[in-house]
Amino acid sequence: MSVQVLYTAEATAVGGREGQIESSDGVLKAKLALPKEMGGAGGAATNPEQLFAAGYAACFEGAVRFVARQKGVKIEHASVTARVGVGPRAAGGFGITAALTVSLPGLDRAVAQELIDTAHSDICPYSHATRGNVDVSIALA
């Protein structure tokens, strides 16, 4: 598969799950903490799963809007909530899951579902990257 790269994001992590991250342009800078549920202190810091959830939610919502424009469907309001889970895999190591809930109020449910299905199957790069590797569920709110 070949990709014509239009933009490349760059970020550096230091200290793993209890360190910090910073993008090359300095716009994103955050402290990381291991969540309490994983034995860490938690607190006022983020973690890789929150960052992945935010990225997937934003990307998928953009993909839905892209498909809507292609099909001439007007979207007044839209939102995507992503929940990313992490835990041990039966085969060893750790894996993640992703569950997206898409809200498209005011749209016919069949039209909304078609937009979501097309965004997931054809457009969203996060969906392409996770396909076959991550258990992803998508529901229309």
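Here are some notes on this predicted model, from the overall layout down to the pockets.

1. Ground rules. This is a predicted model, so to speak of a local feature we need pLDDT of at least 70, and side-chain atom pairs count only at pLDDT 80 or more, while totals for chains, interfaces and linings use all residues. Residues are numbered from 1 along each chain as its sequence is written, and side-chain values use heavy atoms, with hydrogens and water left out.

2. The overall plan. The chain has three helices and six strands. Here, helices (H or I, at least four residues) and strands (E, at least two) are DSSP runs, numbered from the N terminus. The C-alpha trace spans about 45 × 35 × 35 Å along its principal axes.

3. The antiparallel sheet. Strands of a sheet pair through backbone hydrogen bonds, either parallel or antiparallel. Two strands count as paired if DSSP finds at least two bridges between them. Four bridges join β1 to β2, and A13 has I21 in β2 as its bridge partner.

4. The mixed sheet. Another open sheet of three strands runs in the order β4-β5-β6, and its pairing is mixed. The edges are β4 and β6 (135-140), each with pairing on one side only. On average, neighbouring strands here are turned by 15° against each other, direction ignored. Strand β5 (residues 94-103) and β6 run parallel, joined by six bridges.

5. Contact means heavy atoms within 4.5 Å. Helix α1 packs on the sheet and touches β4, β5 and β6, with its direction at about 145° to that of β4. Helix α2 (residues 109-123) also packs on the sheet, touching β5 and β6, and its direction makes about 155° with that of β6. For these angles, axes are lines fitted to C-alpha atoms (for helices over the stretch in contact), and the values run from 0 to 180 degrees between N-to-C directions.

6. Salt bridges. The count is five, where a salt bridge is a side-chain nitrogen of Lys or Arg within 4 Å of a carboxyl oxygen of Asp or Glu. In one of them, E49 and R17 meet at 2.5 Å, N to O. This pair links distant parts of the chain: E49 sits in helix α1 and R17 in the loop between β1 (11-14) and β2 (20-23), 32 residues apart.

7. The largest pocket. A pocket is an open set of points on a 1 Å grid over the protein atoms alone, where a 1.4 Å probe fits, with protein on both sides within 12 Å along at least five of seven lines; lining residues have an atom within 4 Å of a point. The volume, about 210 Å³, is the space filled by probe spheres set on the points, which are joined across faces, edges and corners. Among the lining residues are P35, M38, E49 and R83. Strand β4 gives the largest share, five residues.
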